[in-house]
Amino acid sequence: MVKLCHWTMLTGGFWKCCIVSGHGVILLLFLFSSVVSVYVEAYDNLLSGPVAQYTALSQKIGGDFLNPVIQEVQAFREKNRSSPLFNHLSAVSESVPALGWVAMAPKPGPYVKEMQDAAMFYTNRVLKDYKEKDKMHVEWVSAYVSIWTELQAYIKQHHTTGLSWSQTGPVASASGGAPAPPPPGPPPPPMDLGKSSGGDSGATNHNALFASINKGADITKGLKHVSDNQKTHKNPVLKAQGGPLPSGPKPFAAWPTAAASPARTLPPVLELDGKKWKVENQEGAHGLVISDTELKQVVYAFKCNNSTLQVKGKINSITLDNCKKLGLVFEDVVGIVEVINCKDVKVQVMGKVPTISINKTDGCHVYLSKDSLSCEIVSAKSSEMNVLVPNKDGEYTEIPVPEQFKTVWDGSKLVTTATEIAG
């Protein structure tokens, strides 16, 4: 679906900029009018290569890839956290801002690389989930990642410092050639410093100014003497009254700022909506319990602060999003427990869980049970993470999760290992 098309003039010729949506991704196309240049052919190769392969694989996978429109790529992902293709949607959602490279200068290439890296957390999870199950999803990841890789190579070769737009330019002719721009007009006449808009008064004012400067020390003879009783700092009475109004310019006044609007308080929510338990906007709520659970259900806690939540029974997955100082206790999860954009949270496993994901979180303590010691903990863009492992005596041993890594080239591949900060 083409949402926006606009003809404009770009260095090298006339282009048509089109934004196209579909299959879980937005494509920004540049269609050259009539005259074909090297960088247009290179862009066509990008579209007919990795983009076409990605689109074909998305159609085969189907499901949630056939629904979102351009304005809702990221919103669609947030509304479908229980989707089996949530990691696929997240990969697209995290990296889709790379399409704004056309407005990034002077280094659009590194910007695309940054957006590609943002999706890596989720593409790695897709590879982990489907590596031994369905090779089509592995091919999908390869095709999607190659879109951004090829786009970076394209930008580096043809638009290293960004696009050069021309806001004004002749309209392309039907024959494909652009008419030559009109010749520049004659230069303006040299400025006469002896004249001003006021006629001869300009020269008169200049002469008076230089005459005053030439007086030297005598220039101060025309100044009026101010006695001590007229000086604010020497006259307490005058100082108390605020003194006379200054005759000079008024002091600089800052631009008026709009009054900060009060924070919007939303009502707390704890309800079952279809298969999703929604726990939202809880403040200081200790003792929240979800007990009537089923295996197909998920729990989604959003913006819950200074609260505790207990989930009983066996459930599909649990997500903590934008929570602060929240304590979570649960029994069994067959899928994944996700901690996203949180701060200072604690997660305790009473039964089993295969995977705990910590993403963009500062401060997370994970208490494992004896039955959950085989749990995989995946972290990205997070800090102050600690895993507490139970001992035989019932006490816990606290182990920090590495935040610093070292990467070296071994001659054939990159090898990354965790490092500890000395000191």
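Biologist: Which kind of link do the side chains of Glu294 and Lys296 meet in?

Modeller: Please keep in mind that this is a predicted model. The general idea is that a salt bridge pairs a side-chain nitrogen of Lys or Arg with a carboxyl oxygen of Asp or Glu within 4 Å. The side chains of Glu294 and Lys296 meet in such a salt bridge, with 3.9 Å from N to O, and by this rule the count comes to eight salt bridges.

Biologist: Is Glu294 buried, partly exposed or exposed, and why?

Modeller: A residue counts as buried under 20% relative accessible area and as exposed over 50%, with partly exposed in between. Glu294 has a relative accessibility of 41%, and therefore counts as partly exposed.

Biologist: Which parts of the chain does the pair of Arg125 and Glu338 link?

Modeller: The side chains of Arg125 and Glu338 form a salt bridge at 3.1 Å, N to O. This pair links distant parts of the chain, since Arg125 belongs to helix α4 and Glu338 to strand β12 (residues 336-340), 213 residues apart. Arg125 has a relative accessible area of 10%, so it is buried, and Glu338 is buried because its relative accessible area is 5%.

Biologist: What ties Lys128 to Glu376?

Modeller: Their side chains meet in a salt bridge too, at 3.3 Å from N to O. Lys128 lies in helix α4 and Glu376 in strand β16 (residues 376-380), so this pair ties together parts that are 248 residues apart in sequence. Lys128 is partly exposed because its relative accessible area is 42%, and Glu376, with 39%, is partly exposed as well.

Biologist: Where is the kink in α4 centred?

Modeller: A bend is read as the angle between axes fitted on either side of a residue. In α4 there is a kink of about 40 degrees, and it is centred on Met120.

Biologist: Let us turn to a loop. What does the side chain of Thr293 reach?

Modeller: Thr293 sits in the loop between β7 (288-290) and β8 (298-302), and its side chain reaches the backbone oxygen of Lys312 at 2.7 Å. Thr293 counts as buried because its relative accessibility is 16%. Leaving aside neighbours within four places in sequence, Thr293 is in contact with several residues, including Trp277, Val311, Gly313 and Ile315.

Biologist: Which backbone atom does the side chain of Glu331 reach?

Modeller: Glu331, in strand β11 (residues 324-333), reaches with its side chain the backbone nitrogen of Gly313 at 2.8 Å. Not counting residues up to four places away in sequence, Glu331 touches Val311, Lys312 and Gly313, among others. The C-alpha atoms of Glu331 and Lys352 are separated by 6.8 Å, although these residues are 21 apart along the chain.

Biologist: How many helices and strands does the protein chain have?

Modeller: The protein chain has seven helices and 20 strands, and of its 423 residues 37% count as buried.

How values were computed
Residues numbered from 1 in each chain as written. Predicted model: local features only at pLDDT ≥ 70, side-chain atom pairs only at ≥ 80, totals over all residues. Heavy atoms only, no water. Bend = angle between axes of the 7 residues up to and from the residue. Helix = DSSP H or I, 4+ residues; strand = E, 2+ residues; numbered from the N terminus. Buried < 20%, exposed > 50% of the residue type's maximum accessible area, 1.4 Å probe, protein only. Polar contact = N/O pair within 3.5 Å; in protein donor to acceptor, adjacent residues only side chain to side chain. Contact = heavy atoms within 4.5 Å.
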